[in-house]
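I opened the model to look up a few things. My notes follow the structure.

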Amino acid sequence: MKREEIVIPAEAIARQRDFQEKIKALFSARQAHPLACVETFGCQQNVADGQRIMGMLAACGFTFTEEAREADLVLLNTCAIREHAEQRVFGNLGILTHSKRENPEQIIVLCGCMAQEPRVAERVKQSYRLVDLVFGPQALWKFPELLWQVCETRKRVFSIDDEHGGIAEGLPVVRERGVKAWVSIMYGCNNFCSYCIVPYVRGRERSRDPAAVLAEVRELVEAGYRDITLLGQNVNSYGNDLDAGYHFPDLLRDIDQIPGDYWIRFMSSHPKDATPQLFDTMADCAHVAKQLHLPFQSGNNRVLGEMNRRYTREKYLELIHYARSRMPGLVLTSDVIIGFPGETRAEAMDTVSLVEEVGFDALFTFLYSPRPGTKAAAMPDPTPREEKQRWFDQLLEVQNAHSAAIHAGYVGKTLRVLADGESGDEAYPLSSRTEGNRLVRLKGDKSLIGQFLHVKITGSNTWALYGEPV
Ligand code: SAH
Ligand code: SF4
Ligand code: F3S
(Lines give C-alpha, C1' and ligand atoms only; values in the text may rest on other atoms or scores of the structure.)
(Ligands and ions follow the chains in the order given, each with its own letter.)
Protein backbone atom coordinates (compact mmCIF):
# COMPACT_ATOMS: atom_id res chain seq x y z
CA MET A 1 0.00 0.00 0.00
CA LYS A 2 1.09 3.56 -0.68
CA ARG A 3 2.20 5.75 2.20
CA GLU A 4 -0.65 8.24 1.54
CA GLU A 5 -3.16 5.45 2.10
CA ILE A 6 -1.56 4.44 5.40
CA VAL A 7 -1.12 7.78 7.13
CA ILE A 8 -4.49 8.92 8.43
CA PRO A 9 -5.10 12.48 7.23
CA ALA A 10 -4.87 15.25 9.82
CA GLU A 11 -8.42 16.36 8.90
CA ALA A 12 -9.81 12.92 9.78
CA ILE A 13 -8.10 13.10 13.18
CA ALA A 14 -9.34 16.67 13.69
CA ARG A 15 -12.90 15.42 13.07
CA GLN A 16 -12.49 13.10 16.03
CA ARG A 17 -11.99 16.18 18.19
CA ASP A 18 -15.50 17.30 17.22
CA PHE A 19 -16.89 14.00 18.50
CA GLN A 20 -14.92 14.45 21.72
CA GLU A 21 -16.55 17.85 22.17
CA LYS A 22 -20.02 16.44 21.45
CA ILE A 23 -19.61 13.72 24.07
CA LYS A 24 -18.34 16.26 26.59
CA ALA A 25 -21.36 18.49 25.91
CA LEU A 26 -23.73 15.55 26.24
CA PHE A 27 -22.52 14.71 29.75
CA SER A 28 -22.32 18.31 30.88
CA ALA A 29 -25.93 18.85 29.73
CA ARG A 30 -26.79 16.04 32.15
CA GLN A 31 -24.66 17.85 34.74
CA ALA A 32 -22.67 14.68 35.13
CA HIS A 33 -18.93 14.24 35.66
CA PRO A 34 -18.42 10.99 33.82
CA LEU A 35 -16.06 8.36 35.22
CA ALA A 36 -14.21 5.74 33.17
CA CYS A 37 -12.60 2.51 34.31
CA VAL A 38 -9.94 1.33 31.84
CA GLU A 39 -8.23 -2.02 32.15
CA THR A 40 -5.41 -3.01 29.81
CA PHE A 41 -4.12 -6.56 29.30
CA GLY A 42 -1.13 -7.78 27.29
CA CYS A 43 2.11 -6.28 26.08
CA GLN A 44 3.61 -2.78 26.32
CA GLN A 45 2.24 -1.93 22.91
CA ASN A 46 -1.24 -2.47 24.27
CA VAL A 47 -0.34 -0.40 27.34
CA ALA A 48 0.75 2.41 24.99
CA ASP A 49 -2.57 2.08 23.11
CA GLY A 50 -4.39 2.19 26.45
CA GLN A 51 -2.72 5.53 27.22
CA ARG A 52 -4.05 6.93 23.92
CA ILE A 53 -7.52 5.62 24.73
CA MET A 54 -7.35 7.34 28.11
CA GLY A 55 -6.20 10.51 26.33
CA MET A 56 -9.28 10.42 24.12
CA LEU A 57 -11.56 9.71 27.09
CA ALA A 58 -10.03 12.62 29.03
CA ALA A 59 -10.71 14.84 26.02
CA CYS A 60 -14.34 13.65 26.18
CA GLY A 61 -14.52 14.93 29.76
CA PHE A 62 -13.95 11.65 31.63
CA THR A 63 -11.91 11.25 34.77
CA PHE A 64 -10.71 7.83 35.87
CA THR A 65 -11.58 5.29 38.54
CA GLU A 66 -10.36 1.78 39.32
CA GLU A 67 -13.85 0.75 40.45
CA ALA A 68 -15.92 -0.68 37.61
CA ARG A 69 -19.11 -0.43 39.67
CA GLU A 70 -19.03 3.34 39.94
CA ALA A 71 -17.93 3.95 36.34
CA ASP A 72 -20.11 5.36 33.56
CA LEU A 73 -17.88 3.60 31.07
CA VAL A 74 -15.86 0.41 31.49
CA LEU A 75 -13.29 -0.41 28.84
CA LEU A 76 -11.34 -3.66 28.50
CA ASN A 77 -8.28 -3.29 26.26
CA THR A 78 -7.62 -6.94 25.54
CA CYS A 79 -4.83 -9.34 24.56
CA ALA A 80 -5.16 -12.48 22.41
CA ILE A 81 -1.66 -13.93 22.66
CA ARG A 82 -2.57 -17.03 24.71
CA GLU A 83 -5.81 -18.73 25.64
CA HIS A 84 -5.39 -17.75 29.27
CA ALA A 85 -5.38 -14.04 28.35
CA GLU A 86 -8.73 -14.47 26.57
CA GLN A 87 -10.28 -16.45 29.40
CA ARG A 88 -9.46 -13.64 31.83
CA VAL A 89 -11.32 -11.15 29.67
CA PHE A 90 -14.41 -13.35 29.38
CA GLY A 91 -14.24 -13.78 33.15
CA ASN A 92 -14.22 -9.99 33.57
CA LEU A 93 -17.18 -9.62 31.23
CA GLY A 94 -19.05 -12.11 33.39
CA ILE A 95 -18.39 -9.99 36.47
CA LEU A 96 -19.47 -6.83 34.66
CA THR A 97 -22.94 -8.30 34.12
CA HIS A 98 -23.66 -7.43 37.76
CA SER A 99 -22.57 -3.81 37.56
CA LYS A 100 -24.49 -3.33 34.32
CA ARG A 101 -27.61 -4.72 35.98
CA GLU A 102 -27.26 -2.14 38.76
CA ASN A 103 -26.51 0.63 36.28
CA PRO A 104 -28.10 -0.10 32.87
CA GLU A 105 -26.75 3.21 31.52
CA GLN A 106 -23.20 1.99 31.93
CA ILE A 107 -21.30 1.77 28.62
CA ILE A 108 -19.14 -1.32 28.19
CA VAL A 109 -16.36 -1.32 25.60
CA LEU A 110 -14.21 -4.20 24.41
CA CYS A 111 -11.17 -3.26 22.33
CA GLY A 112 -7.60 -4.40 21.69
CA CYS A 113 -6.33 -7.54 20.01
CA MET A 114 -9.14 -9.95 20.99
CA ALA A 115 -11.71 -7.59 19.54
CA GLN A 116 -10.12 -7.97 16.10
CA GLU A 117 -10.72 -11.74 16.06
CA PRO A 118 -13.95 -12.53 14.16
CA ARG A 119 -14.51 -15.56 16.42
CA VAL A 120 -14.44 -13.37 19.54
CA ALA A 121 -16.55 -10.59 18.03
CA GLU A 122 -19.20 -13.14 17.06
CA ARG A 123 -19.23 -14.64 20.56
CA VAL A 124 -19.62 -11.19 22.10
CA LYS A 125 -22.39 -10.34 19.66
CA GLN A 126 -24.33 -13.49 20.54
CA SER A 127 -23.60 -14.14 24.19
CA TYR A 128 -22.37 -10.94 25.83
CA ARG A 129 -25.14 -8.50 25.12
CA LEU A 130 -23.91 -6.17 27.86
CA VAL A 131 -21.07 -5.04 25.58
CA ASP A 132 -22.01 -1.82 23.75
CA LEU A 133 -18.93 -1.20 21.65
CA VAL A 134 -16.31 -3.47 20.09
CA PHE A 135 -13.36 -2.19 18.05
CA GLY A 136 -9.95 -3.55 17.09
CA PRO A 137 -6.49 -1.91 17.28
CA GLN A 138 -6.80 -0.63 13.71
CA ALA A 139 -9.82 1.50 14.61
CA LEU A 140 -8.30 2.98 17.77
CA TRP A 141 -8.00 6.50 16.33
CA LYS A 142 -11.74 6.75 15.69
CA PHE A 143 -12.80 5.70 19.17
CA PRO A 144 -14.48 9.12 19.85
CA GLU A 145 -16.70 8.72 16.78
CA LEU A 146 -17.65 5.15 17.71
CA LEU A 147 -18.39 6.17 21.27
CA TRP A 148 -20.54 9.02 20.04
CA GLN A 149 -22.56 6.56 17.94
CA VAL A 150 -23.21 4.48 21.05
CA CYS A 151 -24.19 7.54 23.13
CA GLU A 152 -26.47 8.89 20.44
CA THR A 153 -28.24 5.72 19.34
CA ARG A 154 -27.78 3.46 22.38
CA LYS A 155 -27.34 0.69 19.81
CA ARG A 156 -24.46 -1.77 19.88
CA VAL A 157 -21.56 -0.81 17.61
CA PHE A 158 -19.01 -3.25 16.13
CA SER A 159 -16.04 -1.83 14.23
CA ILE A 160 -13.86 -4.80 13.39
CA ASP A 161 -13.38 -4.63 9.63
CA ASP A 162 -10.24 -6.40 8.64
CA GLU A 163 -8.32 -3.23 7.86
CA HIS A 164 -4.59 -3.18 7.13
CA GLY A 165 -4.25 -0.44 9.68
CA GLY A 166 -3.03 3.11 9.46
CA ILE A 167 -0.78 5.50 11.31
CA ALA A 168 -2.50 8.16 13.40
CA GLU A 169 -0.39 11.04 14.69
CA GLY A 170 -1.44 13.60 17.25
CA LEU A 171 -3.87 11.51 19.32
CA PRO A 172 -4.18 12.76 22.89
CA VAL A 173 -2.46 10.71 25.58
CA VAL A 174 -2.60 10.24 29.35
CA ARG A 175 0.78 8.91 30.45
CA GLU A 176 1.65 7.36 33.74
CA ARG A 177 3.22 10.02 35.90
CA GLY A 178 6.79 9.23 36.76
CA VAL A 179 9.95 8.51 34.89
CA LYS A 180 9.09 5.79 32.37
CA ALA A 181 7.40 6.24 29.02
CA TRP A 182 6.54 4.09 26.00
CA VAL A 183 6.81 5.23 22.40
CA SER A 184 5.42 3.09 19.58
CA ILE A 185 7.70 3.53 16.59
CA MET A 186 5.80 1.12 14.36
CA TYR A 187 2.62 -0.93 14.32
CA GLY A 188 1.64 -4.37 13.09
CA CYS A 189 3.72 -7.39 12.14
CA ASN A 190 4.59 -9.13 8.84
CA ASN A 191 6.36 -12.16 10.20
CA PHE A 192 3.61 -14.72 10.67
CA CYS A 193 5.46 -16.92 13.13
CA SER A 194 3.27 -19.99 12.82
CA TYR A 195 2.07 -19.97 16.47
CA CYS A 196 1.29 -16.27 16.71
CA ILE A 197 -1.97 -14.33 16.44
CA VAL A 198 -0.43 -10.83 16.34
CA PRO A 199 -0.15 -10.42 12.54
CA TYR A 200 -3.85 -11.31 12.23
CA VAL A 201 -5.04 -8.77 14.77
CA ARG A 202 -2.57 -5.91 14.34
CA GLY A 203 -2.37 -5.67 10.57
CA ARG A 204 0.70 -5.12 8.39
CA GLU A 205 3.95 -3.55 9.50
CA ARG A 206 4.00 0.24 9.24
CA SER A 207 6.62 2.67 10.55
CA ARG A 208 5.99 6.12 11.94
CA ASP A 209 7.89 8.97 10.38
CA PRO A 210 11.29 9.43 12.03
CA ALA A 211 10.52 13.12 12.59
CA ALA A 212 7.36 12.27 14.57
CA VAL A 213 9.23 9.75 16.73
CA LEU A 214 12.09 12.16 17.36
CA ALA A 215 9.71 14.95 18.32
CA GLU A 216 7.89 12.68 20.76
CA VAL A 217 11.08 11.46 22.44
CA ARG A 218 12.41 15.02 22.71
CA GLU A 219 9.16 16.14 24.33
CA LEU A 220 9.32 13.26 26.83
CA VAL A 221 12.93 13.99 27.78
CA GLU A 222 12.06 17.65 28.24
CA ALA A 223 9.07 16.68 30.41
CA GLY A 224 11.41 14.76 32.73
CA TYR A 225 10.97 11.15 31.58
CA ARG A 226 14.24 9.30 32.10
CA ASP A 227 13.56 5.78 30.88
CA ILE A 228 12.01 5.63 27.42
CA THR A 229 11.22 2.41 25.58
CA LEU A 230 10.70 2.31 21.82
CA LEU A 231 8.06 -0.25 20.88
CA GLY A 232 7.36 -2.45 17.90
CA GLN A 233 6.72 -6.17 17.33
CA ASN A 234 10.01 -6.24 15.45
CA VAL A 235 11.83 -2.93 15.75
CA ASN A 236 14.63 -4.24 13.55
CA SER A 237 12.43 -3.91 10.50
CA TYR A 238 11.65 -0.28 11.33
CA GLY A 239 11.86 1.84 8.21
CA ASN A 240 11.64 -0.99 5.65
CA ASP A 241 8.27 0.34 4.52
CA LEU A 242 9.49 3.95 4.34
CA ASP A 243 11.70 3.23 1.31
CA ALA A 244 14.03 6.01 2.40
CA GLY A 245 17.11 3.97 3.27
CA TYR A 246 16.47 4.92 6.91
CA HIS A 247 16.51 2.03 9.37
CA PHE A 248 16.38 1.31 13.09
CA PRO A 249 20.07 2.02 13.79
CA ASP A 250 19.64 5.42 12.05
CA LEU A 251 16.73 6.19 14.34
CA LEU A 252 18.73 5.20 17.42
CA ARG A 253 21.63 7.42 16.37
CA ASP A 254 19.31 10.39 15.80
CA ILE A 255 17.56 9.92 19.15
CA ASP A 256 20.91 9.65 20.88
CA GLN A 257 21.65 13.24 19.78
CA ILE A 258 18.80 14.57 21.95
CA PRO A 259 20.49 16.21 24.94
CA GLY A 260 19.61 15.14 28.48
CA ASP A 261 20.08 12.48 31.14
CA TYR A 262 17.96 9.52 30.02
CA TRP A 263 18.04 5.91 28.80
CA ILE A 264 16.57 4.64 25.56
CA ARG A 265 15.49 0.99 25.36
CA PHE A 266 13.61 -0.92 22.68
CA MET A 267 11.59 -4.08 22.22
CA SER A 268 11.16 -6.51 20.62
CA SER A 269 13.99 -7.45 18.32
CA HIS A 270 13.70 -10.34 15.89
CA PRO A 271 16.94 -12.33 15.47
CA LYS A 272 16.36 -12.68 11.73
CA ASP A 273 16.67 -8.89 11.35
CA ALA A 274 19.13 -8.06 14.13
CA THR A 275 22.47 -7.11 12.58
CA PRO A 276 26.03 -6.41 13.77
CA GLN A 277 25.27 -2.83 12.73
CA LEU A 278 22.56 -2.68 15.40
CA PHE A 279 25.00 -3.79 18.09
CA ASP A 280 27.65 -1.34 16.86
CA THR A 281 25.07 1.43 17.15
CA MET A 282 24.06 0.37 20.65
CA ALA A 283 27.71 0.32 21.69
CA ASP A 284 28.34 3.79 20.20
CA CYS A 285 25.28 5.59 21.58
CA ALA A 286 25.62 6.77 25.18
CA HIS A 287 21.86 7.06 25.79
CA VAL A 288 21.07 3.57 24.50
CA ALA A 289 20.85 1.19 27.48
CA LYS A 290 23.13 -1.81 27.16
CA GLN A 291 20.23 -4.18 27.39
CA LEU A 292 18.76 -6.46 24.76
CA HIS A 293 15.57 -8.46 24.64
CA LEU A 294 16.13 -10.94 21.81
CA PRO A 295 13.49 -13.71 21.76
CA PHE A 296 14.81 -17.04 20.44
CA GLN A 297 11.65 -19.16 21.06
CA SER A 298 13.40 -22.53 20.53
CA GLY A 299 16.91 -23.95 20.58
CA ASN A 300 16.14 -26.59 17.96
CA ASN A 301 16.47 -25.91 14.23
CA ARG A 302 13.63 -28.16 13.10
CA VAL A 303 11.25 -26.48 15.55
CA LEU A 304 12.51 -23.01 14.55
CA GLY A 305 11.75 -23.94 10.93
CA GLU A 306 8.22 -25.08 11.81
CA MET A 307 7.76 -21.85 13.76
CA ASN A 308 8.74 -19.90 10.62
CA ARG A 309 11.33 -17.95 12.56
CA ARG A 310 13.88 -17.85 9.71
CA TYR A 311 17.09 -18.16 11.72
CA THR A 312 18.99 -21.08 13.22
CA ARG A 313 20.38 -21.83 16.64
CA GLU A 314 23.87 -21.19 15.23
CA LYS A 315 22.90 -17.80 13.78
CA TYR A 316 21.36 -16.82 17.13
CA LEU A 317 24.50 -17.79 19.07
CA GLU A 318 26.63 -15.87 16.59
CA LEU A 319 24.53 -12.72 17.14
CA ILE A 320 24.84 -12.99 20.92
CA HIS A 321 28.55 -13.57 20.65
CA TYR A 322 29.03 -10.43 18.58
CA ALA A 323 26.70 -8.33 20.77
CA ARG A 324 28.64 -9.34 23.89
CA SER A 325 31.98 -8.66 22.21
CA ARG A 326 30.83 -5.07 21.53
CA MET A 327 29.09 -4.58 24.91
CA PRO A 328 30.77 -6.65 27.61
CA GLY A 329 28.24 -5.88 30.38
CA LEU A 330 25.20 -6.43 28.13
CA VAL A 331 22.07 -7.58 29.98
CA LEU A 332 20.33 -10.16 27.83
CA THR A 333 16.76 -11.45 28.09
CA SER A 334 14.59 -13.60 25.86
CA ASP A 335 11.22 -15.27 25.22
CA VAL A 336 10.83 -18.99 24.77
CA ILE A 337 7.98 -21.37 23.97
CA ILE A 338 7.87 -24.92 25.27
CA GLY A 339 5.58 -27.55 23.76
CA PHE A 340 5.20 -26.33 20.18
CA PRO A 341 3.11 -28.92 18.24
CA GLY A 342 5.19 -32.00 17.49
CA GLU A 343 8.14 -30.88 19.63
CA THR A 344 9.89 -33.92 21.10
CA ARG A 345 11.55 -34.18 24.47
CA ALA A 346 14.99 -34.10 22.82
CA GLU A 347 14.05 -30.93 20.94
CA ALA A 348 12.80 -29.25 24.12
CA MET A 349 16.11 -30.20 25.74
CA ASP A 350 17.90 -28.35 22.91
CA THR A 351 16.10 -25.27 24.21
CA VAL A 352 17.28 -26.01 27.74
CA SER A 353 20.84 -26.46 26.49
CA LEU A 354 20.72 -23.16 24.60
CA VAL A 355 19.62 -21.45 27.80
CA GLU A 356 22.53 -23.03 29.63
CA GLU A 357 24.95 -22.09 26.89
CA VAL A 358 23.91 -18.43 26.63
CA GLY A 359 23.23 -17.69 30.30
CA PHE A 360 20.37 -15.19 30.01
CA ASP A 361 19.87 -12.59 32.69
CA ALA A 362 16.15 -13.35 32.65
CA LEU A 363 13.77 -15.39 30.56
CA PHE A 364 10.05 -15.14 29.77
CA THR A 365 8.88 -18.73 29.38
CA PHE A 366 5.57 -19.76 27.86
CA LEU A 367 3.77 -23.05 27.36
CA TYR A 368 2.52 -23.21 23.79
CA SER A 369 -1.12 -22.18 23.50
CA PRO A 370 -2.95 -22.90 20.22
CA ARG A 371 -4.47 -19.78 18.63
CA PRO A 372 -7.35 -20.56 16.27
CA GLY A 373 -6.60 -19.42 12.74
CA THR A 374 -2.81 -19.71 12.99
CA LYS A 375 -0.86 -22.32 11.05
CA ALA A 376 0.44 -24.11 14.16
CA ALA A 377 -3.08 -24.56 15.53
CA ALA A 378 -3.73 -27.00 12.67
CA MET A 379 -0.59 -29.09 13.34
CA PRO A 380 -0.83 -32.43 15.15
CA ASP A 381 0.03 -31.97 18.80
CA PRO A 382 0.19 -35.42 20.43
CA THR A 383 2.23 -34.60 23.57
CA PRO A 384 0.19 -34.50 26.78
CA ARG A 385 0.19 -31.24 28.70
CA GLU A 386 1.72 -32.86 31.82
CA GLU A 387 4.72 -33.94 29.76
CA LYS A 388 5.20 -30.41 28.37
CA GLN A 389 4.85 -29.05 31.89
CA ARG A 390 7.76 -31.25 33.01
CA TRP A 391 10.02 -29.84 30.27
CA PHE A 392 8.86 -26.36 31.20
CA ASP A 393 9.68 -26.88 34.88
CA GLN A 394 13.09 -28.21 33.98
CA LEU A 395 13.80 -25.09 31.92
CA LEU A 396 12.63 -22.83 34.75
CA GLU A 397 14.85 -24.58 37.23
CA VAL A 398 17.92 -24.02 35.05
CA GLN A 399 17.04 -20.36 34.49
CA ASN A 400 16.12 -19.60 38.11
CA ALA A 401 19.39 -21.05 39.39
CA HIS A 402 21.27 -18.96 36.86
CA SER A 403 19.35 -15.74 37.65
CA ALA A 404 19.96 -16.23 41.38
CA ALA A 405 23.70 -16.79 40.77
CA ILE A 406 24.02 -13.68 38.57
CA HIS A 407 22.20 -11.60 41.17
CA ALA A 408 24.33 -12.95 44.03
CA GLY A 409 27.40 -11.80 42.09
CA TYR A 410 26.26 -8.20 42.48
CA VAL A 411 26.27 -8.17 46.27
CA GLY A 412 28.91 -5.75 47.56
CA LYS A 413 29.10 -3.84 44.26
CA THR A 414 28.04 -0.23 43.67
CA LEU A 415 25.66 0.36 40.75
CA ARG A 416 24.06 3.37 39.10
CA VAL A 417 20.25 3.14 39.13
CA LEU A 418 17.21 5.23 38.33
CA ALA A 419 14.69 5.39 41.19
CA ASP A 420 11.38 4.90 39.39
CA GLY A 421 8.66 4.37 42.00
CA GLU A 422 7.52 2.78 45.22
CA SER A 423 8.13 -0.93 45.71
CA GLY A 424 5.43 -1.80 48.24
CA ASP A 425 8.11 -3.46 50.39
CA GLU A 426 8.33 -1.81 53.82
CA ALA A 427 12.01 -2.45 54.44
CA TYR A 428 13.01 -1.42 50.90
CA PRO A 429 10.31 1.09 49.93
CA LEU A 430 11.82 2.34 46.65
CA SER A 431 11.98 0.54 43.36
CA SER A 432 14.73 1.32 40.89
CA ARG A 433 16.28 -0.04 37.71
CA THR A 434 19.83 -0.42 36.50
CA GLU A 435 20.77 0.47 32.96
CA GLY A 436 20.30 -3.22 32.18
CA ASN A 437 16.72 -2.95 33.53
CA ARG A 438 17.43 -5.07 36.59
CA LEU A 439 15.09 -4.43 39.49
CA VAL A 440 16.80 -3.03 42.61
CA ARG A 441 14.75 -2.46 45.76
CA LEU A 442 16.12 0.37 47.84
CA LYS A 443 16.13 1.86 51.29
CA GLY A 444 15.40 5.55 50.96
CA ASP A 445 12.85 8.30 50.76
CA LYS A 446 10.18 8.84 48.10
CA SER A 447 11.74 12.21 47.27
CA LEU A 448 14.49 10.28 45.42
CA ILE A 449 12.06 9.05 42.74
CA GLY A 450 13.12 10.35 39.34
CA GLN A 451 16.81 10.60 40.25
CA PHE A 452 19.81 8.65 39.09
CA LEU A 453 21.62 7.32 42.20
CA HIS A 454 24.64 5.26 43.10
CA VAL A 455 23.63 2.38 45.33
CA LYS A 456 25.46 -0.33 47.21
CA ILE A 457 23.99 -3.80 46.68
CA THR A 458 23.45 -5.55 50.00
CA GLY A 459 21.30 -8.54 49.09
CA SER A 460 19.68 -10.50 46.24
CA ASN A 461 17.32 -13.27 45.23
CA THR A 462 16.19 -14.79 41.90
CA TRP A 463 14.10 -11.79 40.90
CA ALA A 464 15.65 -8.70 42.44
CA LEU A 465 18.62 -6.97 44.03
CA TYR A 466 18.43 -5.05 47.31
CA GLY A 467 20.50 -2.03 48.24
CA GLU A 468 20.91 1.43 49.69
CA PRO A 469 22.07 4.76 48.26
CA VAL A 470 25.72 5.63 48.94
N1 SAH B 1 6.89 -9.59 18.54
C2 SAH B 1 7.53 -10.15 19.66
C3 SAH B 1 6.67 -11.04 20.50
C4 SAH B 1 5.32 -10.65 20.87
S5 SAH B 1 4.42 -11.87 21.71
C6 SAH B 1 8.65 -10.97 19.16
O7 SAH B 1 8.59 -11.54 18.08
O8 SAH B 1 9.59 -11.11 19.89
C9 SAH B 1 5.43 -12.19 23.13
C10 SAH B 1 5.81 -13.62 23.29
O11 SAH B 1 4.68 -14.44 23.48
C12 SAH B 1 6.50 -14.24 22.08
O13 SAH B 1 7.85 -13.91 22.00
C14 SAH B 1 6.29 -15.72 22.33
O15 SAH B 1 7.33 -16.26 23.11
C16 SAH B 1 4.99 -15.77 23.12
N17 SAH B 1 3.90 -16.33 22.33
C18 SAH B 1 3.37 -15.84 21.19
N19 SAH B 1 2.38 -16.65 20.74
C20 SAH B 1 2.31 -17.68 21.62
C21 SAH B 1 1.49 -18.85 21.69
N22 SAH B 1 0.58 -19.13 20.76
N23 SAH B 1 1.67 -19.68 22.75
C24 SAH B 1 2.60 -19.41 23.69
N25 SAH B 1 3.39 -18.34 23.65
C26 SAH B 1 3.26 -17.47 22.63
FE1 SF4 C 1 4.28 -12.78 16.65
FE2 SF4 C 1 6.47 -13.45 15.32
FE3 SF4 C 1 5.29 -11.09 14.85
FE4 SF4 C 1 6.55 -11.51 17.15
S5 SF4 C 1 7.50 -11.48 15.12
S6 SF4 C 1 4.54 -10.59 16.88
S7 SF4 C 1 6.15 -13.66 17.56
S8 SF4 C 1 4.45 -13.11 14.40
FE1 F3S D 1 -1.38 -9.39 23.30
FE2 F3S D 1 -1.91 -7.93 21.21
FE3 F3S D 1 0.26 -7.48 22.62
S4 F3S D 1 -2.19 -10.10 21.36
S5 F3S D 1 0.80 -9.48 23.42
S6 F3S D 1 -1.81 -7.25 23.34
S7 F3S D 1 0.04 -7.28 20.41
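**Salt bridges**

I began at arginine 154, which counts as partly exposed at 36% relative accessibility. My cut-offs are: buried under 20% relative accessible area, exposed over 50%, partly exposed in between (1.4 Å probe, protein chains only). The model is predicted, so local features need pLDDT of at least 70 and side-chain atom pairs count only at pLDDT 80 or more, while totals for chains, interfaces and linings use all residues. Residues are numbered from 1 along each chain as its sequence is written, chains are lettered from A and ligands numbered from 1 in the order in which they are written, and side-chain values use heavy atoms, with hydrogens and water left out.

I looked up the partner of arginine 154: aspartate 132 forms a salt bridge with it, the closest N and O atoms being 3.5 Å apart. A salt bridge here is a side-chain nitrogen of Lys or Arg within 4 Å of a carboxyl oxygen of Asp or Glu. Aspartate 132 sits in the loop between H5 and strand S5 (133–135). Arginine 154 sits in the loop between helix H6 (143–153) and strand S6 (157–159). Helices (H or I, at least four residues) and strands (E, at least two) are DSSP runs, numbered from the N terminus. Aspartate 132 is buried, at 8% relative accessible area.

I then counted by this rule and got 25 salt bridges. One of them pairs arginine 52 with glutamate 216 (3.2 Å, N to O). Arginine 52 is in helix H3 (residues 44–59) and glutamate 216 in helix H8 (residues 210–222), 164 residues apart. Both ends are buried: arginine 52 at 18% relative accessibility, glutamate 216 at 9%. I noted another pair, arginine 119 and glutamate 86 (3.2 Å, N to O). Here arginine 119 is partly exposed, at 38%, whereas glutamate 86 is buried, at 5%.

**Ligand 3**

Which residues are around ligand 3? I listed Cys43, Asn46, Cys79, Ala80, Ile81, Cys113, Val198, Arg202 and Gln233. Near means that a heavy atom of the residue lies within 4 Å. The shell has six nonpolar, two polar and one charged residues. I count Ala, Val, Leu, Ile, Met, Phe, Trp, Tyr, Cys and Pro as nonpolar, Asp, Glu, Lys and Arg as charged, and the others, Gly among them, as polar. Domain 1 (3–159) and domain 2 (180–405) both give residues to this shell, so ligand 3 lies between them. The domain bounds come from an automatic or database domain assignment.

**Cores**

I checked the largest nonpolar core, which has 55 residues. Ile185, Val217, Leu230, Phe248 and Phe266 touch the most other members. Helix H13 (residues 345–358) gives the most to this core, with six residues. A second, separate core of 31 residues includes Phe27, Leu57, Cys111 and Leu171. A core is a set of buried Ala, Val, Leu, Ile, Met, Phe, Trp, Tyr and Cys residues joined through side-chain atoms within 4.5 Å.

I found a cis peptide bond between methionine 267 and serine 268, with omega about -5°. Serine 268 is in the loop between strand S11 (263–267) and helix H10 (276–284). Phenylalanine 192 has a positive phi, near 45°, and is not a glycine. Arginine 310 is not a glycine either, and its phi is positive at about 65°. Arginine 310 is partly exposed, at 48% relative accessible area.
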